[in-house]
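Visitor: I would like to go through this structure with you, piece by piece. Could we begin with how a helix sits on a sheet?

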Protein chains: 2
Amino acid sequence: MDGSEAGTGREPAATVERIARAAAEAFPGWSATPPRQRAAALSAVADAVATSGPALVATAMSETGLSEARLTGELNRTVVQIRLFADVVVEGSYLDVRIDEADDDFVLGSRPDLRRYHVPLGPVLNFAASNFPFAFSVIGGDTVSALAAGCPVIVKAHPGHPELSRQTAEVVRAALAESGAPDATLQLLVGQEEGVAMLLDPRIRAASFTGSIRAGRMLADLAMGRPTPIPFYGELGSVNPAFVTTRAAAQRSGSIAQGFATSVSGSAGQLCTKPGFLFVPRGSDIAAGAAEAAGAVGEQRLLNPGITAGYAARRDAILGTPGVDPLAAGAVRVDEDGQGWATPTVVATDLTTLREHRETLLDEAFGPLSVIVEYDDEAELAPAAADLFQGNLTSTVHAADDEDTEALRALVDWAARSTGRLVFGGWPTGVAVSHATQHGGPWPATTNDAGTSVGSAAIGRFLRAVAYQDVPQVLLPEPLRDDNPWGVPQLRSPAGRSRGWGEAFRAGG
Amino acid sequence: MDGSEAGTGREPAATVERIARAAAEAFPGWSATPPRQRAAALSAVADAVATSGPALVATAMSETGLSEARLTGELNRTVVQIRLFADVVVEGSYLDVRIDEADDDFVLGSRPDLRRYHVPLGPVLNFAASNFPFAFSVIGGDTVSALAAGCPVIVKAHPGHPELSRQTAEVVRAALAESGAPDATLQLLVGQEEGVAMLLDPRIRAASFTGSIRAGRMLADLAMGRPTPIPFYGELGSVNPAFVTTRAAAQRSGSIAQGFATSVSGSAGQLCTKPGFLFVPRGSDIAAGAAEAAGAVGEQRLLNPGITAGYAARRDAILGTPGVDPLAAGAVRVDEDGQGWATPTVVATDLTTLREHRETLLDEAFGPLSVIVEYDDEAELAPAAADLFQGNLTSTVHAADDEDTEALRALVDWAARSTGRLVFGGWPTGVAVSHATQHGGPWPATTNDAGTSVGSAAIGRFLRAVAYQDVPQVLLPEPLRDDNPWGVPQLRSPAGRSRGWGEAFRAGG
């Protein structure tokens, strides 16, 4: 079966059945592929995507309107992330191998030989996003972390870049096939109806999603409402508030204003981590500087007519709110086919207006718009943030060098409680692909804030634990065997020292 | 506020509000308690529960009808588990600290300083179980793993042991108070209506549950249906199939029959891990031996009238199914107040009958009843298991010494795919409290098979990740600081070697 043909027929149910069956059939083979071989397959995918980069970027440019520089950077980042997961698979600590030696002298009598590790969940359905045609699409973080875990992946293509999706899937599938992976290790699924039907298929064991709160919530509810509920990792909405202390504003208002405008207008503001609010001390010249910098940004294409319409409506609602002052009014121009083009809009308001019109002002505006909020007293910031904001992917704080006040600490504490990533002195757009990154946060940033969809920790979302009790060595999976043929970290609790977790832990890994 | 008074008033909404507010207020203090102090508080709780053991066991005996030996063992296990979590808190690897050093020469340009670790979710609501008045009740695995994570806990008391719940909460609260923990670190909540209202309170950030599929599913749906959904860790139903190979039956039918009967009848069969099915080769004398051993077991009290009624109905349905042969018919005797007493029931059937009457036969029977299934060909076992059973907490295999056949490997593979713990040559009842144990499995064994409710890995259910980007040392939480004042394992990715996860990992911890 060729994944690129999927969903083009006229029988959605048959398409879903065929693809789900193929994914289930691919699961035993892909999940049993030894780590070095699985890593080699991922590396081959990375090489193939890199080699096809120019062709893929050209298609992406025509389908999304994003710039060549932005798309090339995103493609590189995607390739780096695939290689990162190849390393993760070989290193093996994601398996969390724990071995309790049998102990006849255990504090509770006797203890059997117990060995526990992580196994892949099964076929995963990944709903691709519109705004990152590489990093959150066919071979982005959700897909590659699931593949690394040993799960076959079905990607529900985003209709915003259909040809790029087909082309990427072809490149990835060819590389996997050459590496000896089962044929249906990665498949493409086209169509909204097909996506929903696939989510309800009992062979699907987990799902991931990046998109709107409305669509994400609907899909999350379907996933949990199945006769057999499955984990649903949705990244939905985030307004990413940023805060500037009085001393920081005094120290470097110019660079803050410029950095803010750049972060708000990059990729036409269509980033999950775009700073939607900037809190500045009243009287600072940051607002004026940001307006000037934003006014100098040229017109950019929006991703698609749906996003254009949504953005235009949010922008109108915000501009029409009493107490909201347009610093840089910007514009949205709409083609006859609904395609939009925008210049940045920056507005100013204060805490009183924000509280009074929270229903209108606090929702995410997906596009190049941000709200500057003037405050009178730093001590207001943490309580106001706790009152106004739900969970966010990021929060940002700009403080002066060596600043350490009660108000600043309260803000950092609030951010850590309600945010996935706290950015200090920088801007939240641009997510590092690394081990310590976190892209996920309390609702509605994500449906399940235990996970991240970027960075090596993302693999944990597609695993469950299984323990083997008194199973003979010859029947144990490789990671649990005493001879440890894959060389994975094994955390061992030796007999006779049953309480010493620290000791046990360090004796292993 | 005294937790023992909770829920005794006549205003459920006011009670829920008072307890939820107190839990939310306790969260900052308890979550910020340094590890050695939090561990000391848990150790004080363990000491207090051990000291009060005889009094608690006496109350438990009168309220549950379980034997002194069983309850004393369960109390010891509960105390051991509290101490295990004190060790886990100090050891600190549950924080999963990852530090990416800033790197101007990163493969993607430059990388900020990123530091990621796990933080507690917030107040947790734990619905206690009827069948383990210590290990899955007020201070059982769900409660203590959440406390260890830094979450205040509200325990919804099980109505089957109200006085024991009150008494245990008093002991635990006094020990926590003496250790300087916030007053509402542990609170008791009484009443079904109160439990549901609390689950819907926005201050509750996660819930755990042990009980029936029906109640667990209802609560899971409520948790996911909230405006802000929360993780719900429910342990619901499991039939724990066990399989005996032909060679194992030939080698040791007597001990298998005896072990099976003991495992089925222990605690009157009211254990989540009771083997509900035993597959034996046709013609083996295991069935007869098991019937004889079961027939020698005396009458035992069932936990409560609700369980009695449910068990009696399930037993009648199974005994009334054509093709089911009562080997040891057993009995259920019901007092005038609905309280039941039972002797074990063991029935025999075959695969054909099991398939034909799967609707009746495959549901869990919570009580001392098990089904022996005679098979003709070992090669049938794995396919039959895959066809018949959903997820289970445990699966058990009895093979001969050094046996290694295709049929056996297929069975082990099936078990690992659909089970939390695979037991070899023993019986699934009796769960080790250790690092490598797993008590959780695919639906309907648990609602969320990423977790365990027994053993040190249980702490992971009540944590989420947060990353700090370029935050000055003085504002970082202790586990992320370079001077590492708590001495927790830190996994560090040094600058200049960004791809080397393995290297990075080992350079740290």
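Visitor: Which strands does helix H10 of chain B lie across?

Guide: Helix H10 (residues 286-295) of chain B lies across E10, E11 (277-281), E13, E16 (345-350) and E17 (369-375) of chain B, and runs at about 55 degrees to E13(B). Helices (H or I, at least four residues) and strands (E, at least two) are DSSP runs, numbered from the N terminus. Axes are lines fitted to C-alpha atoms, for helices over the stretch in contact, and angles run from 0 to 180 degrees between N-to-C directions. This is a predicted model, in which local features need pLDDT of at least 70 and side-chain atom pairs count only at pLDDT 80 or more, while totals for chains, interfaces and linings use all residues. Residues are numbered from 1 along each chain as its sequence is written, and chains are lettered from A and ligands numbered from 1 in the order in which they are written.

Visitor: And what does H15 of chain B touch?

Guide: H15 (residues 406-418) of chain B packs on the sheet, touching E4 and E20 of chain A together with E10, E18 and E19 of chain B. Its direction makes about 145 degrees with that of E19(B).

Visitor: How many strands are in the open sheet, and in what order?

Guide: The open sheet has 11 strands with mixed pairing, in the order E21(A)-E1(A)-E4(A)-E20(A)-E19(B)-E18(B)-E10(B)-E11(B)-E17(B)-E16(B)-E13(B). Two strands pair if DSSP finds at least two bridges between them. The edge strands are E21 (490-493) of chain A and E13 (325-328) of chain B, each pairing on one side only.

Visitor: In which sense do E20(A) and E19 of chain B pair?

Guide: They pair in the parallel sense, over three bridges. Tyr468(A) stands opposite Leu422(B) in E19(B).

Visitor: Changing topic: how many residues does the contact take from each chain?

Guide: The contact takes 69 residues from chain A and 69 residues from chain B; two residues are in contact if their C-beta atoms, placed from the backbone, lie within 7 Å. On the side of chain A that touches chain B, the largest share, eight residues, comes from H4(A).

Visitor: Why do the copies meet through the same surface?

Guide: They do so because 100% of the interface residues of chain A are also interface residues in chain B.
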